[in-house]
Amino acid sequence: MRIADKFAELENKREKALIAYVCAGDPSIEATKEIVHALVKGGADIIELGLPFSDPVADGPTIQAASTRALAAGMNPDLYFEMAASIKENVPLVCMTYYNLIYKRGIEKYAKDCAESGITGIIVPDLPAEESDELHAACRKNGVDLIFLITPVTTESRIKNTIGRTSGFVYIVSRLGVTGERVDVADSTKNILERIHTDVPKAVGFGISNKQQAAEVIKAGADAVIVGSAFVNIIASGSDVNERIEKLASKLKESCRE
Amino acid sequence: MKRSMYGKYGGQFVPEVLMPALAELEEAYERYKNDPEFLAELDYYMKEFAGRETPLYFAKNLSKKYGIKIYLKREDLVHGGAHKLNNTLGQALLAKYMGKERIIAETGAGQHGTATAMASANMGFRSEVYMGAKDVIRQHMNVYRMELMGCKVHAVKSGSMTLKDAINEALRDWVTNVENTHYLIGSVVGPHPYPMIVRDFQSVIGKEVKEQIMEKEGRYPDSIVACAGGGSNAMGIFYPFIEDKEVRLFPVEAGGKGLKTTEKEALHSASLCVGEDGILQGAHTRILQDKYGQILESSSVSAGLDYSGVGPELAHFADIGRVKPCNVSDDEALEAFYELSLLEGIIPALESSHAIAYVMKMAKTGELGDLVVINLSGRGDKDLEAVFRLKEEGEKKEATEGKEACL
């Protein structure tokens with residue numbers, strides 16, 4: 001499913017989107033499939049499926065640890081695309097990974113593999129717009145959205161350039177730092193949303209872990225909230241994972257309906 | 001070619017949040033690199049604090065044994081015991097001009113961390129250094145040195161717990177504290193403009209060699225040999241000679257226990273010799289990776305060469321044939337460590353021992369010509385414990401094997 005179609009569907013229902021991140025293969029391929037099912041059942045509208053990299057510089061301890069577990073359990077790009085193709089939920093799947101894995105597989109092939117396995121968006125946290133000519137072209141050719149990040153320190157001119165290349169949604173980092181749960185999101189979100197003018201849906205992530213924070217972000221004007229580490233922490237705990245994932249997703253989704 | 005590229009290599013493959021900081025750094029560097037006040041201050045630090053210029057020493061005993069003229073560029077005599085301070089003084093001064101309050105750095109063996117602590121203490125910065133937990137144990141004296149100078153050392157427990165992971169962690173810190181913090185990278189690696197800035201600050205080595213060798217020999221050397229992990233001492237001595245095509249340039253990588261690779265790790269650190277194209281820690285360069293692009297852990301007897309990537313510009317010079325990458329094994333480097341100590345009364349760092357080992361190996365082949373300069377990038381005091389441990393292990397092994405032979 002294309003990301004734009006999902007946002008159109010939500011707009012009809014007057015809802016905002018819940019985007020959930022999990023690391024593929026953490027702790028196993030089978031578990032990830034069940035977790036994705038639980039996320040969707042709970043109300044997640046878009047799934048970010050992380051392809052683990054050995055050196056994830058943009059990630060905090062929670063997602064680093066998830067990447068390490070997934071790699072140790074044998075996750076690799078071949079298995080990743082196989083798994084993505086076998087997921088039949090009615091939501092867009094977005095691949096989040098680091099650039100070397102894309103470069104090594106072949107940029108064109110990577111975009112094609114995404115399209116063929118039902119992945120309709122790619123996020124690459126170590127690929128700023130300036131370095132993205134090749135991947136951008138390959139994504140366009142294969143009908144895959146390339147999603148860029150914008151941060152509180154991104155300059156006006158770079159916001160403009162970056163948004164020009166972004167489709168699907170724009171990933172807004174609400175505060176400085178790596179991924180991970182944080183306590184305080186409201187003000188910085190508001191500030192940055194005011195600086196971004198685009199028709200592309202605005203999704204806010206980094207540091208959102210509960211319903212109240214999600215509600216604040218939506219109230220500040222976001223079209224979507226992105227939640228990762230809070231789900232990954234449940235997965236890491238290993239107890240009642242699917243139930244708790246579904247419950248958290250459904251709570252977070254409530255704030256997208258109000 | 002884009003401004004940030006070195007041939008096809010280089011670039012800025014970093015999280016979006018760092019892009020403004022890289023732009024700010026590049027702008028500041030362009031502004032100050034020719035500023036008379038900045039240069040005069042840097043010159044003062046280099047001379048009075050670091051102890052430059054360093055001698056270009058004619059190694060008469062080594063030369064006699066190997067039948068060619070061998071000079072050692074004595075970077076081991078720089079304050080702190082290695083070339084690292086050339087770069088940390090330059091960058092710390094730049095950070096001062098930029099109005100930063102805090103300096104962070106990564107370190108492998110602890111040499112760059114120590115040099116960062118020195119520059120920071122002297123210029124009044126708060127400093128924090130990330131160091132792999134394994135290296136913290138292996139190089140505890142350097143940790144103590146850093147702490148004495150007021151630097152906070154973080155033991156990094158993620159990944160392989162070595163240099164690569166320390167860089168990841170320093171990048172994460174920078175992502176979080178980018179507004180008041182300068183990330184002082186220790187080698188010619190990482191995103192542009194770092195490879196350029198570190199190269200320029202280290203080029204003082206090659207510039208001095210040019211004048212010194214003309215004075216002593218009336219000509220440029222036939223070849224220059226330097227060890228290469230990330231490649232900062234190699235770029236520092238090579239770069240001023242890049243246009244002098246008659247001077248052959250040899251970066252010597254750590255061959256470790258052989259140029260082989262298992263599923264998770266390489267038994268060496270020879271990214272120029274046998275690495276592949278890839279993107280690591282901000283730069284497109286030559287790296288050690290598996291078939292999917294996951295980064296392999298590297299290996300070397302010398303912590304300072306133990307890195308899965310290499311500077312992008314050095315990779316470019318290798319591609320176009322301007323430098324000739326080569327490597328020596330752990331054992332060959334150890335042999336050179338002993339040999340230089342015995343013959344010249346100079347204990348070299350295990351890193352620099354790789355360069356010496358290559359000259360010992362190749363002197364007779366004619367490949368190096370008659371006049372060679374080796375960059376003696378650091379002194380070996382920091383390695384004594386490691387070398388003694390290896391010696392003991394070797395003796396134990398010999399004893400066991402001897403026993404078995406008797407049976």
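**A walk through a two-chain predicted model**

B:Gln281 is buried, with a relative accessible area of 8%; buried means under 20% relative accessible area, exposed over 50% and partly exposed in between, using a 1.4 Å probe and protein chains only. Its phi is near 45°, a positive value in a residue other than glycine. You will find B:Gln281 in the loop between E11 and E12 of chain B, where helices (H or I, at least four residues) and strands (E, at least two) are DSSP runs numbered from the N terminus.

Before going on, a word on the ground rules. This is a predicted model, in which local features need pLDDT of at least 70 and side-chain atom pairs count only at pLDDT 80 or more, while totals for chains, interfaces and linings use all residues. Residues are numbered from 1 along each chain as its sequence is written, chains are lettered from A and ligands numbered from 1 in the order in which they are written, and side-chain values use heavy atoms, with hydrogens and water left out.

Let us stay with chain B and its sheet. Four strands form an open sheet in the order E1-E2-E12-E11, with antiparallel pairing; two strands pair if DSSP finds at least two bridges between them. Strand E1 (5–6) and strand E11 (276–280) are the edges, each pairing on one side only. Strand E2 (residues 9–13) is joined to E12(B) by two bridges in the antiparallel sense, and B:Gly10 has B:His284 as its bridge partner in E12(B).

Now for the two chains together. Chain B brings 35 residues to the contact and chain A brings 33 residues, contact meaning heavy atoms within 4.5 Å. Between them the chains bury about 2900 Å², 54% of it on carbon and sulfur atoms; buried area is the accessible area (1.4 Å probe) that two parts lose on being put together, summed over both. B:Glu16, B:Arg172 and B:Tyr292 supply 25% of the area that chain B buries against chain A, more than any other three residues.

Cross over to chain A and look at strand E7 (residues 170–173). In a regular strand the side chains alternate between the two faces of the sheet. Both faces of E7(A) are covered, with A:Val170 and A:Ile172 buried on one side and A:Tyr171 and A:Val173 buried on the other. Strand E6 (residues 149–150) pairs with E7(A) in the parallel sense over two bridges, and A:Leu149 stands opposite A:Tyr171. E7(A) also pairs with strand E8 (residues 202–205) of chain A, in the parallel sense over four bridges.

One last stop is A:Asp240, in the loop between helix H11 (229–237) and helix H12 (241–257) of chain A. It has a positive phi of about 45° although it is not a glycine, and A:Asp240 counts as exposed because its relative accessibility is 54%.
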